[in-house]
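I set down what I looked up, entry by entry.

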Amino acid sequence: MPGPSPGLHRASLGLWAALALGILGISAVAPEPFWADLQPRVALVERGGSLWLNCSTNCPRPERGGLETSLRRNGTQRGLRWLARQLVDIREPETQPVCFFRCARRTLQARGLIRTFQRPDRVELVPLPPWQPVGENFTLGCRVPGAGPRASLTLTLLRGAQELTRRSFAGEPPRARGAGLTATVLARREDHGANFSCLAELDLRPHGLGLFANSSAPRQLRTFVLPPLAPSLVAPRFLEVGSERPVSCALDGLFPAPEAEVSLSLGDERLHPDVTLDGDSLVATATATASAEQEGTRQLQCSVTLGGESREAQENLTVYNFPVPLLTLSEPEVPEGRTVTVSCWAGAQALVTLEGVPAVAPGQPAELRVNVTENDDKRGFFCDAALEVDGETLRKNQSAELRVLYAPRLDDLDCPRNWTWPEGPEQTLHCEARGNPEPSVHCARPDGGAVLALGLLGPVTRALAGTYRCTAVNGQGRAVKDVTLTVEYAPTLDSVGCPERITWLEGTEASLSCVALGVPPPSVNCVRSGEEEVMEGPLRVAREHAGTYRCKAINARGSAAKTVAVTVEYGPSFEELGCPSNWTWVEGSGRLFSCEADGKPEPRVECLGSEGANEGAVLPLVSSNPGPRNSMNSSNLSPGIYLCNATNRHGSTVKTVFVSAESPPQLDESGCPSHQTWLEGAEASALACSARGHPSPQVLCSREGAARLERPLVSREDAGTYHCVATNAHGTDSRTVTVGVEYRPVVAELAASPSSVRPGGNFTLTCRAEAWPPAQISWRAPPGALNLGLSSNNSTLSVAGAMGSHGGEYECAATNAHGRHTRRITVRVAGPWLWVAVGGAAGGAALLAAGAGLAFYVQSTACKKGEYNVQEAESSGEAVCLNGAGGPPGAEGGAETPGTAESPADGEVFAIQLTTS
């Protein structure tokens with residue numbers, strides 16, 4: 001049960017206080033001191049924010065009052081003993097407003113304290129140096145202008161997430177704002193690329209506010225290490241004009257090496273190096289190219305720069321000009337008997353030697369005169385040149401070849417007149433001729449046919465056999481010779497002379513013959529597989545001649561064998577086993593009619609309706625060669641008489657087929673509903689369930705779990721799930737049927753708790769009904785019974801604060817589609833009414849206080865439980881409360897459980913209206 005409401009408590013306290021004053025005869029109250037109050041007394045406001053101050057007094061009739069402050073005001077609200085004022089745009093760090101009232105010639109005052117705070121919106125980290133040497137200190141600085149109060153600030157300098165230093169400014173004056181923090185940090189290698197930041201925290205949690213934090217934008221530090229040593233420069237001492245040589249520059253101990261910049265130059269020419277990194281080491285390589293303008297001594301310079309500092313190295317390089325010796329022949333190609341002059345020269349400063357004979361002096365040419373013969377063909381001449389550069393002797397050489405011209409010759413040793421080769425192995429066809437220029441040799445058939453590929457290794461084929469004319473030609477003349485090539489090869493049986501497949505027609509005359517290719521010509525014979533007799537001469541074709549034959553060809557180079565398949569074709573015919581005259585089609589089975597005909601090639605079979613409704617209809621077949629209209633499925637097959645026609649290229653035949661149709665059982669919603677409803681007490685009958693199918697199926701239904709008892713009338717126990725099975729020769733079908741039993745309502749229980757109620761007490765009536773579908777519950781109460789509460793389903797009626805009018809007979813009615821049932825119960829409210837008699841002035845005061853408390857309870861409390869509809873109760877003193885009929889549809893009818901409260905069963909609506917004077 002719910003406890004007494006706060007309104008009832010206040011009414012009771014007022015009543016007992018009035019009684020106590022009347023009984024004790026107290027006619028006056030001891031005076032209390034008057035005061036002024038300011039709320040809030042102490043406030044912390046964000047700078048630029050606003051605040052409402054409430055200034056009040058307990059003086060009954062103050063003469064005047066106000067709020068003194070230097071801050072801007074936005075609005076004021078007043079009462080007899082209070083004043084509220086909004087202060088806006090508060091920016092001063094600290095101010096003290098004063099609340100005052102004038103009361104009984106005395107001034108009452110209350111002084112407050114307002115302080116402002118500013119969030120750390122700007123957190124600035126002093127810029128870091130562009131590059132910082134490892135091992136040297138640098139300064140981190142952080143500023144937070146305007147934030148405060150400073151005493152609540154904490155600044156932290158961070159390296160990434162690592163705290164470097166932290167400072168709290170606790171103890172600073174309350175008006176102090178802004179703060180700064182610096183720290184000295186030693187630069188390390190691992191600090192390269194690290195982010196440094198500053199975290200500012202304004203902790204106002206001790207003042208009832210939160211923690212305000214902000215961080216500066218991170219700044220990245222770049223550290224470096226540049227060793228004091230010069231780079232290592234590797235380059236050649238000499239560089240020839242027009243040549244290219246690699247140069248390299250290396251330096252170890254760099255950090256970070258990828259950030260270093262490398263410059264390489266030769267004299268005034270800037271090179272373009274490729275830089276390779278390995279840990280803290282750097283190697284830059286470039287290609288130096290010398291030009292004629294750079295001849296002489298030049299400086300090669302390397303510079304490595306990192307962090308604004310540089311390391312340099314230089315080397316001297318000598319550029320020289322030394323051309324390749326010029327070796328010339330007066331005639332590179334000359335007929336024999338002529339004289340040739342050989343000359344060599346290698347520049348103004350080089351000394352040349354030709355065929356071991358030096359020139360007279362450096363810069364002079366060397367010469368040699370030769371009267372050539374056939375033996376000088378392809379003779380080589382050699383020239384050597386020497387040049388002195390910076391104390392070192394450099395050498396170069398050149399060579400040349402002399403060609404002597406003469407006519408071609410074809411000898412039997414280099415070009416035989418007869419060749420005999422077996423087919424297959426690779427051979428090189430040689431027919432070579434001597435001569436200069438080197439003769440070209442061409443061998444071709446005299447009739448302009450095939451050409452021999454001379455000097456090339458290749459397979460020997462029978463197509464190469466024959467007589468060829470070989471001709472050798474050069475610029476000095478020509479030579480001619482005839483050669484003969486013979487190619488021997490083993491027999492071959494190809495598809496032209498001996499086909500792999502032969503087709504004969506039954507009843508015709510034929511013979512089996514195979515022609516083989518080969519040199520020398522092979523002999524051929526054919527034998528049927530599994531037999532020894534050789535096939536010879538023509539024969540009359542029968543089906544038994546079909547089969548596989550082995551044909552073999554033999555000559556001196558080998559043998560060849562081949563399998564020949566002989567097929568005998570014949571016209572179509574039907575057999576009862578392959579195409580039955582009678583066939584029964586089962587609907588839904590997916591089976592097709594199988595009608596096969598014997599014949600070669602395999603006949604094409606098509607069955608068409610011959611009469612009645614299926615005339616011209618195609619009967620779907622199981623066939624490897626379906627007809628063009630054989631695309632219909634078996635679901636729309638029509639029973640009747642069909643003519644089946646088998647056709648191949650050798651003829652056709654026809655057969656009559658009789659087709660009948662049957663179907664398996666089928667249970668569906670139309671014949672066997674899945675949900676059926678019976679009424680308790682009605683005459684019992686079998687479950688309504690029928691099935692479709694041919695032949696007609698038998699249907700049996702049984703209850704799941706416990707079997708249904710045989711009884712003349714329907715009982716609630718008959719409800720449940722039934723399993724129905726339909727069966728015929730082509731299968732079964734099953735269906736689950738749910739049977740529900742409905743019955744009339746009965747009020748099974750109507751009870752009161754407690755059974756006897758005294759005035760002001762609470763009681764509950766409970767009504768429980770049995771019905772299907774579920775019953776609707778309604779109540780009829782005694783006339784004049786007020787403040788009735790109903791549960792969401794009307795099964796419980798509750799009364800709080802029972803009175804005499806609540807005693808009497810209550811009726812509970814249960815109703816559904818099959819009927820209505822009621823039960824009654826009598827409630828007695830025992831004992832006399834509670835009353836209080838008070839005399840004299842004190843009694844009048846007590847009675848007035850009691851009346852006021854009771855009226856306040858009725859007005860402010862009762863309707864909070866849903867018993868009344870209060871309309872401006874506290875201002876007008878008028879309240880209207882309805883018993884489940886005065887609110888809108890769906891309004892709550894009880895004090896605790898939401899739901900719809902019904903009116904009494906007889907349709908009457910009871911109400912009470914209370915009016916205070």
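Before reading any pairing, I noted that two strands count as paired if DSSP finds at least two bridges between them. I also noted that the model is predicted.

Entry 1: the sheet.

Next I asked in which order the strands of the open sheet stand. The order is E2-E10-E7, with 3 strands and mixed pairing. Strand E2 (42–46) and strand E7 (94–95) each have a single partner strand and stand at the edges, so one side of each has no neighbour in the sheet.

Entry 2: the disulfides.
How many disulfides does a search of the whole structure find? I recorded 14, and I examined several, including the link of Cys 344 and Cys 383.

Entry 3: Cys 344 and Cys 383.
The sulfur atoms of this disulfide are 1.7 Å apart. The link of Cys 344 and Cys 383 is left-handed, with -75° about the S-S bond. Cys 344 lies in strand E32 (residues 339–345) and Cys 383 in strand E36 (residues 379–389), so the pair ties together parts that are 39 residues apart in sequence. Are Cys 344 and Cys 383 buried or exposed? I found both of them buried, that is, under 20% relative accessible area.

Entry 4: Cys 498 and Cys 514.
I looked up this disulfide and found an S to S distance of 1.9 Å. With 50° about the S-S bond, the link of Cys 498 and Cys 514 is right-handed. Cys 498 is in the loop between strand E44 (477–492) and strand E45 (501–505), and Cys 514 is in the loop between strand E46 (509–510) and strand E47 (517–519), so the pair ties together parts 16 residues apart in sequence. I noted that Cys 498 and Cys 514 are both buried.

Entry 5: Cys 526 and Cys 551.
I found these two cysteines joined by a disulfide, S to S 2.0 Å. The link of Cys 526 and Cys 551 is right-handed, with 110° about the S-S bond. Why does this pair tie together parts that are 25 residues apart in sequence? Cys 526 lies in strand E48 (residues 523–528), whereas Cys 551 lies in strand E50 (residues 547–555). Both Cys 526 and Cys 551 are buried.

Technical notes. Residues numbered from 1 in each chain as written. Predicted model: local features only at pLDDT ≥ 70, side-chain atom pairs only at ≥ 80, totals over all residues. Heavy atoms only, no water. Helix = DSSP H or I, 4+ residues; strand = E, 2+ residues; numbered from the N terminus. Disulfide = S-S within 2.5 Å. Buried < 20%, exposed > 50% of the residue type's maximum accessible area, 1.4 Å probe, protein only.
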